[in-house]
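I opened a new model today and kept notes as I went. Here is what I looked up, entry by entry.

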Amino acid sequence: MTHFDDLLAGYARFRTHGWQEQRTRWEELAVGQSPKVMIIACSDSRSEPADIFDTHPGEIFVVRNVAALVPPFETTPGRHGVSAALEFAVQFLKVEEIVVMGHGMCGGCHAALHRTMDGAEPGRGGFIADWIAVLDEASAGVRAEFPDYANREAGRAMELAGVKVSLANLRTFPCIQELEQRGRLRLRGAFFAINEGILYVLDEESGEFAPA
Ligand SMILES: [Zn+2]
């Protein structure tokens, strides 16, 4: 049995249950999607939005990447995957909320905090280094706040700071700024603590995360 065989066994269960039991929903979804929420989450296998929020197919539009990051609005040449997804979600699907969800024990945030990929070649950590450089300022801040930053407290501070960086970067997109000001789009920050199985939600006024 390969891992893909395991996946195919899962697919067989999906065909019998998920798909069969929700035939009507899938018939509607075959015509189009109209998710109201976009979620930006980490690629980490433990940070699965559909599981954590118990959503149905068609309900959430998801982008996952290393450390759940949104880079700032940039028009430099390059393949701006997150920006393309954001543009599609906001301008075409017209989602009403965007949730940035960080998570505990995040490898990307750990690498940002400890600069473990610095100087690596592309293909050997260099792409990660370049990507998580989005967190440079925030990680410097966490290292300043926690001089002995090789502990969970600092790790968590980095993960929470990452959510705030992505929210701030979302607001560098003119279309997002405008829609938020017009009350058409709401931004949310959240953090899933893997060890507790608890979702924390950011109160942007206080800057604090509290259990949902
Ligand atoms: Zn992660």
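**Ground rules.** I take helices (H or I, at least four residues) and strands (E, at least two) as DSSP runs, numbered from the N terminus. This is a predicted model, where local features need pLDDT of at least 70, side-chain atom pairs count only at pLDDT 80 or more, and totals for chains, interfaces and linings use all residues. Residues are numbered from 1 along each chain as its sequence is written, and side-chain values use heavy atoms, with hydrogens and water left out.

**Entry 1: a loop residue.** I started with aspartate 54, in the loop between α3 (49-52) and β2. Its phi is near 50 degrees, a positive value in a residue other than glycine. Is aspartate 54 buried or exposed? I use buried for under 20% relative accessible area, exposed for over 50%, and partly exposed for in between (1.4 Å probe, protein chains only). Aspartate 54 has 64%, so it is exposed.

**Entry 2: another positive phi.** Arginine 115 also has a phi near 50 degrees, again positive in a residue other than glycine. I found arginine 115 in the loop between α5 (107-114) and α6 (126-132). It counts as partly exposed because its relative accessibility is 40%.

**Entry 3: the sheet.** I count two strands as paired if DSSP finds at least two bridges between them. In what order do the six strands of the open sheet run? I read β2-β1-β3-β4-β5-β6, with mixed pairing. Neighbouring strands are turned by 25 degrees against each other on average, direction ignored. For such angles, axes are lines fitted to C-alpha atoms, for helices over the stretch in contact, and values run from 0 to 180 degrees between N-to-C directions.

**Entry 4: two pairs of strands.** β3 (residues 97-103) and β4 (residues 186-193) run parallel and are joined by seven bridges. Valine 99 has arginine 188 in β4 as its bridge partner. β5 and β6, by contrast, pair in the antiparallel sense over four bridges. I saw tyrosine 200 opposite proline 211 in β6. Four residues lie between β5 and β6 in this hairpin, and glycine 207 in the turn has a positive phi of about 80 degrees.

**Entry 5: a helix over the sheet.** Helix α8 (residues 152-170) lies across β1 (37-42), β3, β4, β5 (198-203) and β6. It runs at about 160 degrees to β4.

**Entry 6: histidine 103.** This residue lies in strand β3. Its relative accessibility is 1%, so I note histidine 103 as buried. What does histidine 103 touch, not counting residues up to four places away in sequence? With contact meaning heavy atoms within 4.5 Å, I listed Cys42, Asp44, Arg46, Ser47, Glu159, Phe191, Phe192 and Ile194.

**Entry 7: glutamate 96.** I moved to the loop between α4 (81-92) and β3, where glutamate 96 is found. Glutamate 96 is partly exposed, because its relative accessibility is 43%. Its C-alpha atom is separated by 6.3 Å from that of arginine 186, 90 residues apart along the chain. Leaving aside neighbours within four places in sequence, glutamate 96 is in contact with Lys36, Arg184, Leu185 and Arg186.

**Entry 8: leucine 7.** Leucine 7 counts as exposed because its relative accessibility is 58%.
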